[in-house]
Amino acid sequence: MNSLESATQSAGARLIKRLAIMRRISQRSDWIERIIFSPASEEAAYKLKGWMDASGMETFNDPLTNVYGQRSFSKEGTEAPRIHLGSHYDTVVNAGAFDGILGVLIGIAVVEAIVESKHPFNHNLSVLAFCDEEGVRFNTTFLGSAYLTGLFKEEWLHKEDEYGKTLGEWLVDRAESIDMILNAHKTPYIRPQDVFLESHIEQGPILEKSNRALGVFINIAAQLRSEIILTGCAGHAGTIPASLRNDPLPVASEMVLAVNQMCKSDELIRSTVGHLEVIPNASNVIPGTVKFSIDMRYPDLKGLKRVHDKLSQEIKSIANRSALKFEYKLVHEADDAQLDQRLTDILAESCEVMQGSSPRMFSGAGHDSMKVAQVCPASMLAVRCKDGLSHHPDEYASNADCILAFKAMLRAVLIIDKNF
Ligand code: GLV
Ligand code: MN
Ligand code: MN
């Protein structure tokens with residue numbers, strides 16, 4: 001076994017151990033949950049930074065709680081072009097143990113294999129662990145990658161979490177001045193001269209169906225998220241007859257069915273109500289307010305806007321037939337992303353060497369690569385997951401598939417180092 005092979009073997013073993021460690025870092029004992037600014041998120045960031053430090057990277061934290069590290073191999077110094085590897089370390093609620101974190105840990109393992117084997121390398125190699133891709137706290141995704149690419153918008157500082165606390169207030173509580181936060185982000189760490197490679201579980205069934213552990217994404221769907229608030233009048237469930245009620249829940253139910261109908265109407269459309277609040281949520285009280293979210297996806301933003309307009313018209317006409325106060329807010333928009341063909345070909349070729357062929361797929365799930373691709377070439381390696389399950393506690397990728405993904409990524413990084 002040569003030195004690269006033996007360093008790869010030990011880095012692969014650590015990768016599997018670290019996946020097990022990370023799945024235990026959660027703010028809940030009954031499921032995995034790491035939401036930006038929570039103690040579990042801080043603990044995860046601390047662990048990741050420790051592993052980056054141990055592999056000899058210079059490490060950084062930013063006010064948003066992104067963690068990133070660089071091993072500078074380039075003779076031109078620390079600012080020379082970077083090959084970035086990584087993904088996000090936050091999770092959804094009741095999450096799986098692979099979404100996001102697998103890509104971060106593969107990034108660290110790639111650096112370790114190269115450093116430990118003393119394999120010749122010419123670029124600066126960087127690992128990115130983004131703090132918020134899922135958008136659970138503020139209902140807007142990609143906060144971490146937006147910050148490190150310089151695409152963070154000042155207006156997001158006013159985004160509120162469910163307790164009414166804004167992102168700006170969270171940052172100030174962390175003893176950061178808003179000016180410093182906005183200024184730092186004007187000289188982004190991720191730049192046009194860099195490249196980004198993200199490993200991620202597929203979150204769908206195609207690889208499993210094609211009997212392949214690995215594949216590549218070629219593009220990522222556009223996304224829109226909205227929030228709807230319906231306000232009627234709370235009252236006594238035992239005394240008020242239907243004709244005298246102004247109950248928002250039956251109207252919200254009609255809207256939820258319209259969202260579901262839209263999803264069924266076309267194979268390419270995804271529309272989901274995943275969050276619904278009934279206030280005050282008591283069995284003997286007629287609800288006074290209902291709030292819910294709509295998440296929509298489509299292969300391209302133009303098509304998505306067309307579908308979204310149709311659905312929002314329908315929702316407005318349902319609201320107009322009621323006496324409720326109706327608020328409709330678009331809270332998040334992400335353009336579809338085309339991934340870089342040259343990088344994707346290199347990743348696909350690495351997969352072919354490992355397993356004979358490499359499926360090329362479209363991703364309906366959102367990824368940090370969508371943000372990063374706006375700034376520099378980006379590409380994605382997809383890893384088979386059992387039954388295509390994700391955003392679910394039973395999300396599962398086998399140790400063998402995770403290690404194969406790490407080896408394919410390492411091989412691709414060594415080729416990119418020589419050819420870019
Ligand atoms: C992120 O996982 C998303 O696609 O919502
Ligand atoms: Mn996710
Ligand atoms: Mn993810």
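Visitor: What makes Asp99 count as buried?

Guide: First, a word on the model: it is predicted, so local features need pLDDT of at least 70 and side-chain atom pairs count only at pLDDT 80 or more, while totals for chains, interfaces and linings use all residues. Residues are numbered from 1 along each chain, chains are lettered from A and ligands numbered from 1 as written, and side-chain values use heavy atoms, without hydrogens and water. Now Asp99. Buried means under 20% relative accessible area, exposed over 50%, partly exposed in between (1.4 Å probe, protein chains only). Asp99 has 6% relative accessibility, so it counts as buried.

Visitor: Why is His391 called partly exposed?

Guide: Its relative accessible area is 42%.

Visitor: Why is Asp387 called exposed?

Guide: Exposed means over 50%, and Asp387 has 52% relative accessibility, so it counts as exposed. Asp387 lies in the loop between strand 16 and helix 12. Its phi is near 55°, a positive value in a residue other than glycine.

Visitor: Why do Asp99 and His391 tie together parts of the chain?

Guide: Asp99 lies in the loop between strand 3 and helix 3, and His391 in the loop between strand 16 and helix 12, so the pair joins parts that are 292 residues apart in sequence. Helices (H or I, at least four residues) and strands (E, at least two) are DSSP runs, numbered from the N terminus.

Visitor: How do you know what span is expected of helix 12?

Guide: The expected span is 1.5 Å times one less than the number of residues. Helix 12 has 21 residues, for which 30 Å is expected. From first C-alpha to last, helix 12 reaches 30 Å, close to that value.

Visitor: What makes the pair between His391 and ligand 1 a polar contact?

Guide: A polar contact is a pair of N or O atoms within 3.5 Å; within protein, one must be able to donate a hydrogen and the other to accept it, and residues adjacent in sequence count only if both atoms are side-chain atoms. A polar side-chain atom of His391 lies 3.1 Å from an oxygen atom of ligand 1, so the pair qualifies.
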